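Have the viewer open as you read.

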Amino acid sequence: MSASESADAGAAVPRPYSTNLNPNVQTPHPDTQLEWEFRLAPLPAMPECAAALSKETMVELRGVSKRFASVTAVDAVDLTIHKGEFLTLLGPSGCGKTTLLRLLAGFEIPTSGQILIEGQDVSNIPPYRRDVNQVFQSYAIFPHLTVEENIAFGLKMRHVPREERRRRVDEALELVSLAGLGKRRPQELSGGQRQRVALARALVCRPKVLLLDEPLSALDAKLRQAMQLELKQLQRRLGITFVFVTHDQEEALVMSDRIAVIHCGRIDQLGTATEIYHSPASAFTADFIGEANLLDATVVSNNGVTAQLSLGDGAELNVRSALLRPGTTRALLSIRPEKLYIARAKPAKDNTFKAEIAEEIFRGAMDELRLRVAGGLQLMAMVANESAHEHAWHKGDTVFCSIHTDDIVVVEQK
Amino acid sequence: MAAAPAPSDKASGGKRRPGTTGWLLLAPMLLWLLAFVVVPTAFLFVYSFCQRDELGQVVFSFTGTNYARILDPVYLGIFGRSLWYAALTTGICLVVGYPVGYYIGRSPPQRRSLLLLLMMIPFWISFLLRTYAWLSLLKGEGLVSSLLQWMHLLAGPLEILYTPEAVVLGLVYTYLPFMILPIFTSAEKLDNSMIEAALDLGASPVRAFTQVIIPLTKPGIFAGVLLVFVPSIGMFAVTDLMGGAKVPMIGNVIQNQFGQARDWPFGAALGVTFLALFALAFWFLHDRGEEEAR
């Protein structure tokens, strides 16, 4: 891709989940990071980019279940992972995402169902005969070997000749920016460097699928952000299929081509970051990804274009009828807190409530406002932080908050 | 690519020194060591350069003959045999004890406690009683012999008692737990993801064992080897009972010097030589172990 093209793509595509509400203030980036921004484009969420992604199947799970004694960790999961895709398994701890990864690695054998890699059934193939490598959460760097020996381990096990081994180890060290540290002992490395060794050790084997088990969770926030972009870039450059496990929704949004939200051993929703953020398919996903106001509503009237919903105690909302199935009487709505528009004067808009600020919580870039709407309804709003200015919001202020019809998502209805 | 990650934060600070409280807490043990290890060893050292009169009394006049006597082929032979038996014992204990220690260490906590308990139960019975039990098991008309004959695996009565084999068997039985325990400790500490990483990188179970599990449990192996080899070389009770005093080891010789032979200076010289050899061996093994651990 030429420089101008990538620059265009970078300029034309705003990050859909950006929290930077002021277009005039740009987040300062070191040059290299800016370069990433452009190189990372095209962003996965855009349809024309999605087309660029290969649709060839790399991994296929067919009704895969895993039961431990009485616990069902993975429950009849069907999933297709494309070649060269960055797929994230996202969920809270204990949801089965790690078991799913271990099934792919071969550390667990499915109780039922099939796992296919490039069409070959590998369900019963042991980990050492699968073209799959893993980056462990604890890194699992062998402490009795040097960095070089650690990286060469997989090649040695596969009987790669010494010369080629050395060349590939050097390449791998270069790839993860650890050139020159090959003779070090793992104990002499920082957490971030160990993480890179783990990555190099897995990548050097040229796996068909790279499995990553929360590899960034042990790093501090700054380093984690840098590594997120670096990993993503690396994945794009190498074209290797990545399956990434995390409980950190922000990490998942930043890095993934597609996200599988896992809940109770099942895939709750599978889609791109924007799909999952903007159109959560369930209350769980809406609540787990980002913040959400989940509101129970009763349908009052529905004229086929607009439906009027009651939130109880006189609060009413208008939503598009298209969101509701005919005959729906009750619905669970999800509204993102940053979609709430707050003003002192009453705006001439639909879906406007008069509210009192019950709590103002400073969150750095954003201000979190807890609003109490007349009638007892509680809403959470996120606004750009203006605490230092005169027109800042304060606890006890009376304000008006309005919600655009398009920003209301129906996650459940009956 | 990206800027280099944060530089490694080196562990800082030297070793902690015990303060006043520390010394107070250590005092009982230090006094114990002083009274029952340092002082007797000093006596032993002094005695080893003394002579004895006809009645076996120690005479405090300097001589080096006690040490010269050790080089006598008779004693060197016994010494060599002791080394060989101890090495054999250690080898067998390692081969038998490693899988056991490893298995216990990798078991879920509940089963682990049970297995450890089972291993400790024999210690509740006097060591001498257990050795006598072996005698009754192994003797010509004993249980093992009868069983083997009944199964037609043996034509005549078993003739293992009072042979070197019986001695080694007794030594292995006595010291096996000292091999199992440190290996158990190492195996327990072994991070499961290390083994999984090895398998993940294409190592068959056998290669994962030789390339990763053994190197990572080496501290336990070293400790076990030391704990078995050192005491088994100086053991005299097992050799007396199960070897019928026909296959003396260095421990028997030393015990004899302080007992029947009434030659304390020579016994002391043997003891000091022994101690020096152990110290050397320990230093060597420990150094190697440290290197491995690094």
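Start at Leu210(A), which stands opposite Phe242(A) in strand 8 of chain A; strands here are DSSP E runs of at least two residues, helices are H or I runs of at least four, and both are numbered from the N terminus. The path from strand 7 of chain A to strand 8 of chain A goes through helix 8 (residues 221–238) of chain A, making a right-handed β-α-β crossover, that is, one whose path from the first strand over the helix to the second runs clockwise when the strands point away from the viewer. Before going further, please note that this is a predicted model, in which local features need pLDDT of at least 70 and side-chain atom pairs count only at pLDDT 80 or more, while totals for chains, interfaces and linings use all residues. Residues are numbered from 1 along each chain as its sequence is written, and chains are lettered from A and ligands numbered from 1 in the order in which they are written.

Strand 7 (residues 209–213) of chain A runs parallel to strand 8 of chain A, with five bridges joining them; two strands pair if DSSP finds at least two bridges between them. Strand 3 (residues 86–90) of chain A also pairs with strand 8 of chain A in the parallel sense, again over five bridges, and there Phe86(A) stands opposite Phe242(A).

How many residues of strand 8 of chain A are buried? Six of the six residues in 241–246 are, so the strand is largely enclosed by the rest of the structure. Buried means 20 or more other C-beta atoms within 10 Å of a residue's own, exposed means 12 or fewer, and partly exposed lies in between, with C-beta atoms placed from the backbone. In a regular strand the side chains alternate between the two faces of the sheet. Here Thr241(A), Val243(A) and Val245(A) are buried on one side, and Phe242(A), Phe244(A) and Thr246(A) on the other.

Of its 87 residues, Leu104(A), Ala200(A) and Val243(A) touch the most other members. A second, separate core has 44 residues, including Leu138(B) and Tyr175(B).

Finally, visit Tyr162(B), in the loop between helix 6 (143–150) and helix 7 (164–189) of chain B. Tyr162(B) is partly exposed, because 18 other C-beta atoms lie within 10 Å. Tyr162(B) and Leu241(B) are 79 residues apart in sequence, yet 7.9 Å apart in space, C-alpha to C-alpha.

Note on methods
Core = buried A, V, L, I, M, F, W, Y, C linked by C-beta atoms within 7 Å.
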